[in-house]
Amino acid sequence: MNTLSLWINGKHTASLGSRTAEVTNPATGCVIRHVPLATSEDVNAAVAAARAAYPAWRDTTALRRSRILNRFRELLEMHRAELARLASEEHGKTLEDAAGSVQRGIEVVEFAVGAPHLLKGEHAENVGRGVDCHSVLQPVGVCAGITPFNFPAMVPMWMFPIAIACGNTFVLKPSEKVPSCSLRMAELFKEAGLPDGVFNVVPGDKEAVDALLIHPDVRAISFVGSTPVAKYIYETAAHHGKRVQALGGAKNHAVVLPDASLDFTADAIMGAAYGSAGERCMAISTVVAVGDIADELVAKLKDKAERLVTGPGDQKGVDMGPVISKQHKDRIVGYIDSGVAQGARLVTDGRGIVVPGFESGYFVGPTLFDHVSTEMTIYREEIFGPVLIVLRAASLGDAINLINSNPYANGTAIFTSSGAAARRFQNEIEVGMVGINVPIPVPMAFFSFGGWKSSLFGDLHMHGMEGVYFYTRTKAVTTRWPELSDKKTSTLAMPTLG
Ligand code: NAD
């Protein structure tokens, strides 16, 4: 069984320490490889490589950087199926789902290829008499990314392609549960012509993360993961003088109004709730049924959920794979138990599912609860599994209030045929990403991705122009070219140019 390595300064590198973690195939429960857990010395070596590579990469023209990114994009396309296979094998999601998520990552590279245009800055002539002003976007230096298990290729690609396109160098700390896609992408990036040291990968756990958070040469930290860790990352990295964007967990609600097209809505909710076994930060985990639509909607959801096929992600005909680990499966089952104990109506029970031939896999079947209230644990906490809960609200206003009272605010959706209701919803809802008859409103790469409140700590979202702003510093340059004959204008008063 192979043990993976770190990727430092353009090559596979053994860890200086001896700690490793097991990487498991969640469908079989079998260990498929080991991954080193980077020590703080390993992280220091990666940051040193990134720092050494920075001056030359910063001074490489944006056009040349963009050509390397374009070759990287081509290689990603060529290896899309291979990356999807790795993501599916280590995470458990279906191959089709994994391929879709790799594609969404490639689209960020496509966006980053536009670096020469994106980095143009602004210019204004004659901001004062004979005075011009322009701003430039300059890289910040060594940047680091810390990523979760649920999107082994896509979430890292929210970060490093844009950082690198902007002239920064990068150290990625992928989830120790799904390290292979990141290491493979590092090889492909080198093959595309990326100079050594510009992109480094250090699989690891808290030790590696903490080494990045306090390292004086790391200027920016991007994080995606659970809310408690996001908050810790934000506070610690900010305390050490870094800019931070830390995306956290979610509890995404879909509001269904009585005028919604029911079949369309139920189908949309199926994919959003149970796709990737609910292990998506944009999964719809909560339905708010408004008015008298609830009974009919729940009947349709039950019917569709019970037809879904749960099994290993690489088998044809499977809709939903396993969850990531035995520990996570037990946690999800514990939440289902608590929902029953606290009085919610369990409509479809995914506990105890057995997949023939995969008895040691971490499977939980689609689970549906009705009559859930806001005090119940299954409403208050992020379950991150195939558990959909239904609450009832008397009016759209009540539904909006309910969602705005929830601490999480990543994504939300409304299903309706009323433009006026949709418009009110998008205006009043306090959530970062909103779908109107779109269940998982993940913005395309040229828009920015991010939640509000406890779903994001920091000011700027990922990718799109906010990604460019996160990975650059603005410098404003004010210029005057006086004629020799110009009179001296020295004054001790605050200069006003107009
Ligand atoms: P996690 O917070 O456990 O881990 C995320 C990363 O942080 C991993 O690289 C992990 O090694 C590291 N880490 C874990 N504990 C740490 C600690 N105590 N100190 C320092 N580093 C630590 O998250 P996960 O289980 O890998 O991913 C699932 C979570 O991620 C869910 O909450 C999900 O909602 C969230 N998520 C959010 C988004 C988003 O865009 N908001 C996207 C994907 C996933």
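**Exercise 1.** Work out how the span of helix 7 compares with the expected one.

*Solution.* Start with the residues: helix 7 covers 180-191, twelve in all. (Helices are DSSP runs of H or I with at least four residues, numbered from the N terminus.) Next, take the reach from first C-alpha to last, 17 Å, which is close to the 16 Å expected at 1.5 Å a residue; the expected span is 1.5 Å times one less than the number of residues. A word on the source: this is a predicted model, where local features need pLDDT of at least 70, side-chain atom pairs count only at pLDDT 80 or more, and totals for chains, interfaces and linings use all residues. Residues are numbered from 1 along each chain as its sequence is written, and side-chain values use heavy atoms, with hydrogens and water left out.

**Exercise 2.** Decide why helix 7 counts as largely enclosed.

*Solution.* Buried means under 20% relative accessible area (1.4 Å probe, protein chains only). Nine of the twelve residues pass, so the rest of the structure largely encloses helix 7. Among them are C181, L183, R184 and F189.

**Exercise 3.** Find the residues that touch the most other members of the largest nonpolar core.

*Solution.* Such a core joins buried Ala, Val, Leu, Ile, Met, Phe, Trp, Tyr and Cys residues through side-chain atoms within 4.5 Å. Among its 72 residues, the answer is W158, F170 and F199. Helix 6 (residues 154-165) gives the largest share, ten residues. Now look at F170: its contacts (heavy atoms within 4.5 Å) include A50, M159, F199 and Y471, leaving out residues up to four places away in sequence.

Notes
Helices (H or I, at least four residues) and strands (E, at least two) are DSSP runs, numbered from the N terminus. Buried means under 20% relative accessible area, exposed over 50%, partly exposed in between (1.4 Å probe, protein chains only).
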